Amino acid sequence: MIQFATLDSSLGKFGIHTSKKEICQIFLPNSSSYQTMPRTPVEKQSSILKLALDELNQYFLGERRKFTVPFDLMLPPYFNKVLKAVSKIPFGHTASYQDIAVQTGNPKAVRAVGNANAKNPIPIIIPCHRVITSSGKLGGYGGGTDLKEMLLHHEGVNLLNSFT
């Protein structure tokens, strides 16, 4: 049972796609791919979809720093390893692509870390916005660097001194 809903937040409208057991995908506000997807009526929303909506709403209201909604990443093993490391970056902190490459046991895989982040199907839940360059610059982001900067600002990250 595939379900879909949108969430209006202070940073834009996000799309949430779930299966019967887990969250499958989060669409960022600049994505046009979810605009025509049929919304699941509120009265028919599964407990997983409701949980995902509640947790994301709490995050945007500043009331949540960690997520409990279940997910399953169907990605290549190294990408899974990277995103698992990214998921451990605490709220309000950042890590560099290089840091993540080192944590995954492959210090030269900086580009692969960037590619794994680009394939992250559930941004915010797996906070790829917290990954920045070694020089402290934002780097890329599927939702655009403006959204990445807004998410980091939402979490209280000082971009001038971002390695905290």
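Me: What covers the buried residues of α2?
Reply: The cover includes α3 (97-103), α4 and β5 (131-132). Touching here goes by contact, meaning heavy atoms within 4.5 Å. The element names come from DSSP runs: helices are H or I with at least four residues, strands are E with at least two, and both are numbered from the N terminus. One heads-up: this is a predicted model, where local features need pLDDT of at least 70, side-chain atom pairs count only at pLDDT 80 or more, and totals for chains, interfaces and linings use all residues. Residues are numbered from 1 along each chain as its sequence is written, and side-chain values use heavy atoms, with hydrogens and water left out.

Me: Which residues are buried in helix α2 (residues 77-86)?
Reply: They're F79, V82, L83, A85 and V86.

Me: And why do we say that they line one face of the helix?
Reply: Look down the axis of α2: the buried residues fall within an arc of 155 degrees, so one face holds them. That arc is taken over the directions from the helix axis to the C-beta atoms. On the face turned away from the buried side sit P77 and K84, which are exposed.

Me: Why does F79 count as buried?
Reply: Buried means under 20% relative accessible area, exposed means over 50%, and partly exposed is in between (1.4 Å probe, protein chains only). F79 has 18% relative accessibility, so F79 counts as buried.

Me: What does F79 touch, leaving out residues up to four places away in sequence?
Reply: F79 touches A112, N115, A116 and K119. F79 is also 7.4 Å from V113, C-alpha to C-alpha, although the two are 34 residues apart in sequence.

Me: What makes F14 and F60 an aromatic pair, and why is it called tilted?
Reply: Rings of Phe, Tyr and Trp (its six-membered ring) pair if their centres lie within 6.5 Å; planes under 30 degrees apart are stacked, over 60 edge-to-face, and the rest tilted. F14 and F60 are 4.8 Å apart, centre to centre, with 35 degrees between the planes, so they pair and count as tilted. The pair links distant parts of the chain, with F14 in strand β2 (residues 12-18) and F60 in helix α1 (residues 47-60), 46 residues apart. Both F14 and F60 are buried.

Me: How do you know whether I124 is buried or exposed?
Reply: Its relative accessibility is 1%, so I124 counts as buried.
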